[in-house]
Structures are given as C-alpha cells and as structure tokens.
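Grab a pencil and work through a few exercises on the model below.

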Amino acid sequence: MEIKKDDLTGVKVAELIREHLHGMTLNSPPESIHALNIEKLRQPNITFWTAWDGSELAGMGALKELDSSHGEIKSMRTSSTYLRKGVARKLLQHILDEAKNRGYTQLSLETGSMAAFEPARKLYADFGFKDCEPFSDYKEDPNSIYMTKKLG
C-alpha cells in the first residue's frame, strides 16, 4: 500500500469524498456534520493523503494545522472494499508521523458519538487518543466526541 500526498483532482478521490459525506448524512444530524467537502479540503492549512493498492483507492486522510503546535485529523475514510484491512491504521500512523515531523505537540480530532463511529473511536483509542473537551471552533455537541493525543 502506498500513501501519497494528493491534490484532490482525481475522480476516485472525489467519489470517496462523496461517499464519506454521504455516510455522515446517514449517521449524523446536519448541524453535527463536520466533514469537509473537496473545496474545503483544498485550504492551504490542510494536507490531504490517499492510500493506494495499485490503482485502487483504499482510503484517505487529512491533517489540518490549527497552530504551530496543534494539528487536527480530518476526513479519515477507508473505501468500503478495503474495510478491516489495516488501511485506517496505516493512514493514521502516517498522519501521526507527519504531525511529529512538523513539531506538533498535540493532535486532536472530532468524531461521531453514535454506534456507527465506534470502530473509529476504538482505532483512535488504540493509538493513545483520549476524550477531551471541544477544541478550536468546536462547541459541545451530544453527537460529537472530541479526542486528543499529546505528541513528543
């Protein structure tokens, strides 16, 4: 599996982002959806990666710089045909490594509180993320869980 920085112009990438956003609408009320569309993922403070198995898109993930010491994981998604094959673990490790290389001392994320998000919450907990209060521009929301990890 190859993880590479992506410019968000490929058709397969656009399809996976649409799948990601659609999945959010199935499991979260509109006011609690914090997933970014393709245009918002192109912000200069966001780095976006894709994971490839040959010519097949296996997953995606992004790192948003909140400030010089704090990053946020955004848009983690595994393609439905690659679920439970270690794609998310590899992407998350890649993002953690990049955050450390940038000198971040903290990495945070927001995910859903509903049952559909339990595998994601377990993955993050396995990597040492702990529940925390809302960070950055997030507000308290019963449909969201906020997690963070100290780096260093």
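**Exercise 1: Where does the chain start?**

At 45% relative accessibility, Met-1 counts as partly exposed, where buried means under 20% relative accessible area, exposed over 50% and partly exposed in between (1.4 Å probe, protein chains only). A word on the ground rules: this is a predicted model, in which local features need pLDDT of at least 70, side-chain atom pairs count only at pLDDT 80 or more, and totals for chains, interfaces and linings use all residues. Residues are numbered from 1 along each chain as its sequence is written, and side-chain values use heavy atoms, with hydrogens and water left out.

Task: place Met-1 in the fold and find which residues it is in contact with, leaving aside neighbours within four places in sequence.

Solution. 
- Step 1. Met-1 sits in the segment before strand 1. Helices (H or I, at least four residues) and strands (E, at least two) are DSSP runs, numbered from the N terminus.
- Step 2. Contact means heavy atoms within 4.5 Å. With neighbours within four places in sequence left aside, Met-1 is in contact with Ala-51, Trp-52, Ala-58, Val-87 and Lys-90.

**Exercise 2: Helix 3 from end to end**

Task: compare the reach of helix 3 with the expected span, then work out which of its residues are buried.

Solution. 
- Step 1. Helix 3 covers residues 87-101, which is 15 residues. The expected span is 1.5 Å times one less than the number of residues. From first C-alpha to last, helix 3 reaches 21 Å, close to the 21 Å expected.
- Step 2. Val-87, Leu-91, Leu-92, Ile-95, Leu-96 and Ala-99 are the buried residues of helix 3. They cover an arc of only 160 degrees around the axis, so they sit on the same side of helix 3; the arc is that of the directions from the helix axis to the C-beta atoms.
- Step 3. The background here is that an α-helix has 3.6 residues a turn, so residues three or four places apart point the same way.
- Step 4. Just past the end of helix 3, Gly-103 has a positive phi of about 85 degrees.

**Exercise 3: Helix 3 meets helix 4**

Task: at what angle do helix 3 and helix 4 pack, and is the crossing left-handed or right-handed?

Solution. 
- Step 1. Helix 4 spans residues 118-126, and the two helices pack at an angle of about 45 degrees with their axes 11 Å apart. Here axes are lines fitted to C-alpha atoms, for helices over the stretch in contact, and angles run from 0 to 180 degrees between N-to-C directions.
- Step 2. That makes helix 3 oblique to helix 4. The scale is: under 35 degrees roughly parallel, over 145 roughly antiparallel, 65 to 115 roughly perpendicular, the rest oblique.
- Step 3. The crossing of helix 3 and helix 4 is right-handed, meaning that the near helix is turned clockwise from the far one by less than a right angle, with anticlockwise being left-handed.
- Step 4. At the meeting point, Ala-88, Arg-89 and Leu-92 of helix 3 touch Leu-123, Tyr-124 and Asp-126 of helix 4.
- Step 5. The buried residues in helix 4 are Arg-121, Leu-123 and Tyr-124. They cover an arc of only 160 degrees around the axis, which puts them on the same side of helix 4.
- Step 6. Besides helix 3, the buried residues of helix 4 pack against strand 4, strand 5 (106-112) and strand 7.
- Step 7. Just after helix 4 comes Gly-128, with a positive phi of about 95 degrees.

**Exercise 4: A buried serine**

Task: which residues does Ser-75 touch, not counting those up to four places away in sequence?

Solution. 
- Step 1. Ser-75 lies in strand 4 (residues 70-78) and is buried, at 8% relative accessible area.
- Step 2. Its contacts are His-20, Leu-36, Leu-41, Met-60 and Gly-61, not counting residues up to four places away in sequence.
- Step 3. His-20 is one of the buried residues of helix 1, and those residues pack against strand 4, among other elements.
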